[in-house]
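User: I am new to this structure and would like a close look at its aromatic rings. Could you walk me through them?

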Amino acid sequence: MRLQGIELLEYLCQKFGPTGFENEVADAIIEQLEDNCDKIVKDTFGNVYALIKGESGDRVMISSHMDEVGFMITDIDSDGYIKFANLGGIDPKVLYGKQVILGNEKTKINGVIAAKAIHHKNREDRFTVTPIKEMYIDIGAKDADEAKQYVDIGDFGVFNSDFVFFGTDNKYAKGKAIDDRAGCCAMIEIIRKIRENGISLPFDTYFCFTVREEVGLSGARVAAEKVKPSRAIILESTAIGDIAGAPAHKRVADVGSGGVISLMDRSTIYNAEFVNFTLDTAKNNDIKAQVKRYVSGGNDAGHIHKSGKGVKCVAISMGTRYLHSPACVASMDDYESIRELVFAMLKNMKAEV
């Protein structure tokens with residue numbers, strides 16, 4: 001079943017793909033790309049590579065990670081309650097009372113993240129955030145034996161969140177895993193557009209759907225060493241704060257103002273020439289784009305830019321409210337701007353000399 005646009009984004013976001021357990025997402029991407037590229041392979045690490053061959057030996061890498069923040073089961077107590085560790089940066093304040101899905105290759109089960117109820121807390125504890133180590137997941141099991149019929153230590157979990165479109169013309173999306181299934185979705189549609197328009201690129205283009213970005217960027221490191229690109233475009237989602245009361249410089253970017261172009265983050269200083277080419281391409285093609293107004297975070301470029309002989313990198317992100325939560329919010333206008341910008345960049349990019 002071939003999907004596109006908002007339906008494709010919803011389909012990918014609802015897949016079960018916490019860091020270290022991305023197979024379900026990878027299989028969905030491979031299914032959507034069938035017959036759209038010259039070669040598609042999955043490596044032993046779990047990364048997916050979709051190749052469109054070009055006219056020269058130069059290689060360009062487009063990268064987006066498949067994994068989402070989530071949980072790993074660390075213990076099951078005698079009463080059947082499940083202890084867990086977070087996978088990726090999750091604020092404990094967003095966890096209490098949230099629905100989750102736990103599972104492995106064979107079984108998936110619903111649960112709720114819980115902790116000591118407020119009426120059992122003393123006055124001091126009521127005004128502090130419960131640490132993750134004091135939370136647990138309730139799956140309705142009467143004891144450990146019953147719980148282990150469904151899950152075990154080392155199994156994974158993700159938020160269980162409806163995917164909803166809202167706002168004028170349903171231009172806003174709310175759901176889990178927009179970071180970074182939005183980038184994966186854009187890559188799929190860019191590949192299709194290249195093929196459908198019969199475009200011949202002057203370089204081999206590797207669309208890399210990477211694993212384990214949320215914990216260590218390790219998938220991107222493996223992918224970059226395999227592809228050996230001269231340039232790389234990293235598609236990401238970035239946390240922003242365009243909410244009431246936030247000063248302009250701390251908003252990072254604005255939802256609805258286009259793809260967010262990074263100049264620097266905590267792991268990468270982006271190639272100035274490539275950044276300028278990106279901004280010029282947006283301007284020349286009347287595509288909305290904006291510069292990230294804050295130095296924060298990091299992404300797969302942290303490993304890609306220093307691989308091999310060094311790689312020129314640019315990061316284009318989807319500005320996302322409430323990142324790493326069950327209710328990430330992003331603009332479909334921004335998604336479309338990013339998709340069209342990367343497509344225009346590939347059409348106008350020259351082969352490396």
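Analyst: Happy to! A residue counts as buried here when its relative accessible area is under 20%. Please keep in mind that this is a predicted model. With that cut-off, Phe21 and Phe156 are both buried.

Now to the rings themselves. A pair of aromatic rings is described by the distance of the centres and the angle of the planes. The structure has 8 aromatic pairs. In one of them, the ring centres of Phe21 and Phe156 are 5.1 Å apart and the planes meet at 35°, so this pair is tilted. Where do the two partners sit? Phe21 belongs to the loop between α1 (5-13) and α2 (23-32), while Phe156 is in strand β9 (residues 156-159), so the pair ties together parts that are 135 residues apart in sequence.

Another pair is made by Phe163 and Phe165. Their centres are 5.2 Å apart with 65° between the planes, an edge-to-face arrangement. Phe163 and Phe165 are both buried as well.

Helix α6 (residues 272-284) and helix α8 (residues 332-348) have axes that come within 9 Å and cross at roughly 110°, so the two helices are roughly perpendicular to each other. On the α6 side, the contact includes Phe274 and Phe277, along with Thr278, Thr281 and Ala282. From α8 come Leu341, Ala344, Met345 and Asn348. By type, the residues of this contact are 6 nonpolar and 3 polar, with no charged ones.

Note on methods:
Residues are numbered from 1 along each chain as its sequence is written. This is a predicted model: local features need pLDDT of at least 70, side-chain atom pairs count only at pLDDT 80 or more; totals for chains, interfaces and linings use all residues. Side-chain values use heavy atoms; hydrogens and water are left out. Axes are lines fitted to C-alpha atoms, for helices over the stretch in contact, and angles run from 0 to 180 degrees between N-to-C directions. Helices (H or I, at least four residues) and strands (E, at least two) are DSSP runs, numbered from the N terminus. Angles under 35 degrees count as roughly parallel, over 145 as roughly antiparallel, 65 to 115 as roughly perpendicular and the rest as oblique. Contact means heavy atoms within 4.5 Å. Ala, Val, Leu, Ile, Met, Phe, Trp, Tyr, Cys and Pro count as nonpolar, Asp, Glu, Lys and Arg as charged, and the others, Gly among them, as polar. Rings of Phe, Tyr and Trp (its six-membered ring) pair if their centres lie within 6.5 Å; planes under 30 degrees apart count as stacked, over 60 as edge-to-face and the rest as tilted. Buried means under 20% relative accessible area, exposed over 50%, partly exposed in between (1.4 Å probe, protein chains only).
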